[in-house]
Amino acid sequence: MFSRRSLVWLCLLAAALSALAVSTQLEGPPRTNEDRVRSLSEDFACPTCDGQSVAESNAVVAEEIRREIRRQVDEGQTDRQITDALVASYDESIDLRPRSGGVVGLIWIVPVVVMVFGFGALASVFRRWRLTEAQSASAEDVELVRSLREDRPT
Amino acid sequence: MHVLIGYGAVSLGFAGALLGAGTAAYSLLSKQPALMRAVKLHVGLVVFAAVVAFMTMESALLTHDFSVRYVAEHGRIDTPVLFTIATLWGALEGSILLWTAILAGYLLVVTWRFRTRTDDPMVAWALLTMLVVTMFFFGLMLGPANPFIEMANPPADGPGLNPLLQNNAFMAFHPPMLYLGYVGFTVPFAFAIAALTTGRVGEGWLVETRRWTLFAWGFLSFGIVLGAWWSYETLGWGGYWAWDPVENASFLPWLTGTAFIHSVMVQERRGMLRVWNLSLICATFALTILGTFLTRSGVIASVHAFSDSGIGPLLLGFFAVIVVVTVGLVGWRGDALRSVGKMDSPLSREGAFLANNVVFAAFAFVVLLGTVWPLIIEAVNGDRIAVGNPFFDRMTMPIGFVLLFLMAMAPVLPWRKASGELLGDRLVWPAVAGITAMVVSMLLGAAGFAPVLAFGLAGVAAGSALRQLVLATKRQGWRGLVGRTNGGMVVHLGVILIAVAFAASNSYLRQAEFRFDEPGQSAQLAGHEFIFRGRDQVVAADGRIDNQVLVEVDGRIERPALTIFPFAGRTIGTPQTRGSLVDDVQLSVIPTEDEVVVVRVTVQPLVQWLWIGGTMMAAGTALALVPGRRRRPTAPTSAPAVETDVEPEPVPV
Amino acid sequence: MADRSVEIEISDGPSRLAFFFAIAAGLVLVVFIAVLATSDGDSGFARSPLVSKPAPLISGEAVDGTVFDLDEQRGRWVVVNFFSTTCVPCIQEHPELVAFEEEHSVVGDAAVVSIAFSDSSRNVREFFAANGGDWAVLAEDTGRHAISYGVAAVPETYLVAPSGIVTSKFIGGVTKADLEAEIGRLSGSTGVS
């Protein structure tokens with residue numbers, strides 16, 4: 001029969017999973033146009049600022065680009081359309097999201113590969129340790145260790 | 001006069017470091033330990049030179065001696081005193097001077113601490129390494145980064161510091177804090193080189209320098225949080241971390257340093273991971289030099305970067321030297337020095353710390369990759385691309401979850417081996433805490449799977465940390481709050497607060513721009529009300545002009561402004577932030593060409609938890625540095641795999 | 001005294017993990033340092049993706065009340081100049097534009113249109129009243145024009161061929177000589193179009 005501990009954990013697990021399930025159903029405040037402007041602004045670089053996004057920068061051109069994004073969002077353009085328009089005007093490099101294809105896209109894959117490799121290495125190291133543990137000490141080994149320990153200065 | 005004394009001091013420092021390094025090298029190679037006594041004098045010379053150079057520059061700044069070019073370019077008569085003092089580290093050459101001064105300080109403390117043991121080759125090698133590094137930085141100041149250059153026609157006044165740096169008094173402290181961190185890693189690096197060279201990795205030296213590493217790490221953590229706080233308060237876009245290359249440069253050594261702090265505990269307990277720890281320390285130091293290179297060479301554009309100068313190639317060269325020496329030493333000696341132990345089970349504290357190391361290493365790799373990817377792509381096919389928030393946020397989110405999970409598990413895992421039953425018993429209350437956190441957050445308005453999961457994991461992690469603290473204080477009274485493990489739990493709590501704040505503020509940020517024509521108009525956002533009350537203009541003592549916009553936020557007036565710095569020829573925004581434990585409301589004025597007032601309002605929950613968390617991290621580090629009762633600092637604890645007489649940490653059953 | 005030396009056999013040979021790891025790390029780092037050493041770090045918005053593409057539409061009310069439409073300028077070269085009244089290089093290039101426009105409006109082969117970037121109509125009117133210049137100037141709602149051309153900072157000038165294709169982008173102030181040289185170069189190589 002289940003021990004008390006298992007029962008407790010079953011309840012905890014159930015509670016946790018239901019809480020998470022509820023979280024997926026809840027909706028926050030409705031996403032306004034301004035919210036879209038903000039999140040789009042974070043995806044584009046300000047052309048004259050060193051590396052800042054349009055959302056972060058206080059430069060004049062950043063404010064103009066935000067205004068333009070706001071105008072297009074209010075017109076009903078999709079994220080894709082707004083992105084394409086800006087890239088057509090400025091250059092691929094205004095988009096802060098690395099493209100998914102080609103050499104550039106490797107940036108999404110390399111970290112995953114490294115992580116998998118890292119945990120794989122860890123797993124194999126543990127396996128090697130466990131395998132070497134399988135040897136047990138023979139009587140001679142025990143005697144040898146005991147006599148060496150007696151001799152060792154404390 | 002200032003130029004003469006200052007440059008003379010720099011030359012003296014370089015000569016002293018050169019002499020010291022040379023003497024130490026000769027002492028080691030010819031096996032004459034007695035020569036090391038002379039090195040102590042050389043260190044004294046170096047420290048003296050650094051102090052004189054530092055004081056001379058401060059004197060030049062405070063007396064507004066515009067015949068010194070650095071003062072003419074960055075000083076101003078009306079700059080407030082605190083900022084005048086801070087002008088020393090406000091631009092490139094001065095920042096190198098600060099670095100060197102702090103390095104000299106650490107050199108002094110190390111030499112003092114080991115003054116009776118200089119005939120030990122370990123100490124000799126460590127001092128040699130530190131002196132070489134010191135020599136490099138003095139050398140930078142002799143040449144391309146010289147702060148003491150005479151100005152032929154001194155102007156009557158200077159432009160002053162960048163206005164963005166003068167917005168807040170705290171900003172003056174950010175570089176010194178950061179440098180105490182960066183430079184501090186030189187000490188464990190020096191001992192790591194010494195250990196690799198002499199082959200003496202098993203005597204607890206790295207354990208002794210653990211305290212230095214923790215000290216440096218604590219300052220680095222606080223410096224980074226301070227920088228985020230400044231960015232938030234001054235730039236006014238509602239963000240505090242932009243994954244900017246300079247920010248990443250400070251974050252990378254923090255990541256490897258954190259990995260080291262954990263895995264060194266495995267070395268203390270089980271004598272394992274010796275060479276890995278040495279590599280981590282060398283990587284951390286190398287990353288500080290790489291970071292310095294990135295911010296001062298103009299290779300990657302950043303809004304934080306210093307002005308371009310000739311020191312880029314020199315820093316890169318130094319980085320290359322460090323890499324070659326470290327990789328060479330590890331490749332040559334590493335296998336002979338590796339520890340013989342093994343771990344019993346992955347489900348143990350050692351296992352958790354190993355996983356911690358893998359995750360932090362991966363995290364550092366991701367951040368480094370994202371930062372230099374534009375350079376790599378450009379070298380490969382000539383395209384110019386940019387990598388920003390979208391990449392970093394998406395990559396670090398899963399890493400963040402894994403780290404929260406590890407923070408939940410590690411404090412309850414015993415050393416060597418754990419059984420499922422043990423874990424089941426110990427994790428009950430933390431699990432309850434996690435579920436409570438999720439429920440409470442949803443009741444308060446949280447929505448969405450990822451943030452709620454983050455809150456849940458944070459709750460479990462906080463529960464684990466608190467459990468450890470409660471048990472320790474019950475057993476030992478106030479001593480239950482100090483010492484390595486308990487201080488570490490306080491740091492964990494700080495990190496958890498920061499993680500929760502990060503999740504909440506990123507997921508639930510609201511922003512809007514309001515246009516006001518006339519006083520009395522109002523607007524709402526995220527439960528707050530904003531009423532435009534008019535404009536005002538204030539001229540400050542140092543000459544800056546604040547064009548303020550008065551906005552009544554929930555009943556009280558805030559005054560965000562556009563501040564004109566006529567002497568610097570710049571206008572910057574001065575945002576205002578109303579912070580509470582629940583959320584932050586930030587207002588910034590957007591410049592317009594007509595009479596309409598445009599105010600950008602950003603509302604984010606839990607931002608203040610970031611700063612509270614950062615303070616807790618600093619406090620926890622201080623607590624962790626309090627020496628425990630039991631351990632002697634130099635007791636050889638990294639013994640072979642057989643359990644020795646080290647007192648195990650009392651583990652409640 | 002009994003012999004205490006014992007031979008301990010290690011079953012597999014000494015691991016060379018650290019050595020191989022160092023080699024691998026060393027190679028990666030060498031490549032990394034090479035990349036850092038050879039990059040030059042300037043930002044890339046100097047090239048315009050609009051070159052050789054149809055010029056984005058410009059139409060709107062100029063400060064003098066007339067309506068301007070870029071399409072109506074087909075058959076002539078158009079100098080599309082983005083400026084603001086407070087930027088120093090814009091002020092410096094203004095007389096050059098005045099001279100260019102005076103000459104070419106007589107000939108009829110090129111026209112100038114100025115578009116104010118983040119500036120007010122009033123400032124623009126005063127500027128042109130004080131400094132001369134008799135061509136279409138747009139100041140209202142000009143952000144979208146600037147963004148559609150990919151303007152990063154002022155002054156920037158775009159040259160549009162009589163066919164309506166963008167041919168060149170000038171960053172910074174332009175001179176009459178620059179413009180005429182570019183028109184001459186392009187007219188010569190592509191013929192009338």
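**Loop residues of chains B and C**

C:P155 is placed in the loop of chain C that runs between helix α4 (143-149) and strand β6 (156-160) (helices are DSSP runs of H or I with at least four residues, strands runs of E with at least two, numbered from the N terminus). In this predicted model, local features need pLDDT of at least 70 and side-chain atom pairs pLDDT 80 or more, while totals for chains, interfaces and linings use all residues. Residues are numbered from 1 along each chain as written, chains are lettered from A and ligands numbered from 1 in written order, and side-chain values use heavy atoms, without hydrogens and water. The peptide bond that joins C:V154 to C:P155 is cis, with omega at about 0 degrees.

In chain B, the loop between α1 (2-29) and α2 (36-62) holds B:K31. The phi angle of B:K31 is positive, near 55 degrees, although this residue is not a glycine. B:K31 counts as exposed because its relative accessible area is 70% (buried, under 20%; exposed, over 50%; partly exposed, in between; 1.4 Å probe, protein chains only).

Further along chain B, B:E518 is found in the loop between β1 (510-516) and β2 (522-525). With a relative accessibility of 53%, B:E518 is likewise classed as exposed. The loop that links β2 to β3 (528-539) in chain B contains B:A526. B:A526, also not a glycine, has a positive phi of about 50 degrees. Its relative accessibility is 37%, so B:A526 is classed as partly exposed.
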